[in-house]
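Subject: Structure handover

Hello,

Here is the structure we talked about. Please open it and read the notes below alongside.

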Amino acid sequence: TLAPRTPAMSWTCLRQVHQFLLTLELDRLLPPNVSITNSLHALVYADTAGSSPYLLLPVISEKGARGRKQADAAAMTWEEVVQSAATHLILSALNAPGAAVLPSNELNISSAMAREALYSRFLSEVTSSRLQADVVEHLEQLGAKCTEEFIDLSVGYSLDILIPSLGCALEVDGPFHFLLNSHERSGSTKMKHRHLQQIGYKFHAIPFWEWPKTTSTEDKLSYLRKILKNLSSSPEEMGGKVAMHLRAREQIEAEALSHKNRRRAVDGGATANQ
């Protein structure tokens, strides 16, 4: 019943479906042939040796409804590519790639484009804070090389601070991660932490009220030393994930700059013709 409705879903709804399927999969409540992580993995590595560099995606209009015929990806807005890629992931996870999608409403686009569209959408949801910047500054004083806002495309989650050399991560939970006037974490924050643990990440979540309020550098360094002492994972695996993250980010930034330059050229030509 879910697959036929997927092409009409908004990004917010698709994101919730993804997290719901991820919860069921990690809790081993899904049939063996249904896997959202395998679907994401297939997209991340779609253009590796032996795989097709193109994906057949459903064409989704800005209003979320299918039915508009497109000749190529250039005719679509970036948000439509995001919608199509997200829809593809859900349908693939459900083993229903063609469900409710007519052949005339399918589109071949590069797997790289679909991956970058999803990556940029995940990245747009990321927020940072002065508290996080303070934590990073003191981690670097301890000699830790940090990667901020690391997005793991295999599950669609971002980690505030990844420390590849130690194979661990830190989440910095500000006030918005908690219920109002409470030290109780929100449902979405609890779900993210639970998923990260189930996936295998070694991480520690720093609640905003625990971070030393004093200006004493030593107090903050001492706090971080205690945390890092208890964390360990696989530096090699983390290093590989960070490298993929940085490559994807560079590609997205280069593509954004290219789009911006083309837009300037078009606007400049239009002005000259007036």
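First, a convention. A crossing is left-handed if the near helix is turned anticlockwise from the far one by less than a right angle, and right-handed if clockwise. By that rule, H1 and H6 cross left-handed.

Some ground rules. This is a predicted model: local features need pLDDT of at least 70, side-chain atom pairs count only at pLDDT 80 or more, and totals for chains, interfaces and linings use all residues. Residues are numbered from 1 along each chain as its sequence is written, and side-chain values use heavy atoms, with hydrogens and water left out.

Overall layout

The protein has eight helices and six strands. These are DSSP runs, numbered from the N terminus (helices H or I, at least four residues; strands E, at least two). The order from the N terminus is α-α-β-α-β-α-α-β-β-β-α-β-α-α. The protein has 274 residues, and 45% of them count as buried. Buried means under 20% relative accessible area, exposed over 50%, and partly exposed in between (1.4 Å probe, protein chains only).

Helices

Back to H1 and H6 (residues 187–199). They pack at about 45°, with axes 11 Å apart. Axes are lines fitted to C-alpha atoms, for helices over the stretch in contact; angles run from 0 to 180 degrees between N-to-C directions. The two helices are therefore oblique to each other. For reference, angles under 35 degrees count as roughly parallel, over 145 as roughly antiparallel, 65 to 115 as roughly perpendicular, and the rest as oblique.

H3 covers residues 78–93, and its 16 residues should span 22 Å. The expected span is 1.5 Å times one less than the number of residues. The end C-alpha atoms of H3 are 23 Å apart, which agrees. H3 is mostly covered, with 13 of its 16 residues buried. Just after H3, Asn95 takes a positive phi of about 60°.

Leu228 sits in H7 (residues 217–229). It counts as buried, at 15% relative accessibility. From Leu228 to Ala169 is 59 residues in sequence, but 9.3 Å in space, C-alpha to C-alpha.

Aromatic pairs

How many aromatic pairs does a search of the whole structure find? Five. Rings of Phe, Tyr and Trp (its six-membered ring) pair if their centres lie within 6.5 Å; planes under 30 degrees apart count as stacked, over 60 as edge-to-face, and the rest as tilted.

One of the pairs is Trp11 with Phe122, which is tilted: 5.8 Å centre to centre, 55° between the planes. It links distant parts of the chain, with Trp11 in H1 (residues 11–26) and Phe122 in H4 (residues 111–124), 111 residues apart. Trp11 and Phe122 are both buried.

Phe208 and Trp209 form an edge-to-face pair, 5.6 Å centre to centre and 85° between the planes. Phe208 is partly exposed, with a relative accessible area of 26%. Trp209 is partly exposed as well, at 29%. Together with Phe178, Phe208 and Trp209 form one aromatic cluster.

Cysteines

The structure holds zero disulfides (a disulfide is a pair of cysteine sulfur atoms within 2.5 Å). Cys146 is in none; the nearest cysteine sulfur, that of Cys168, is 9.1 Å away. Cys146 is buried, with a relative accessible area of 16%. Cys168 is buried too, at 1%.

Best wishes
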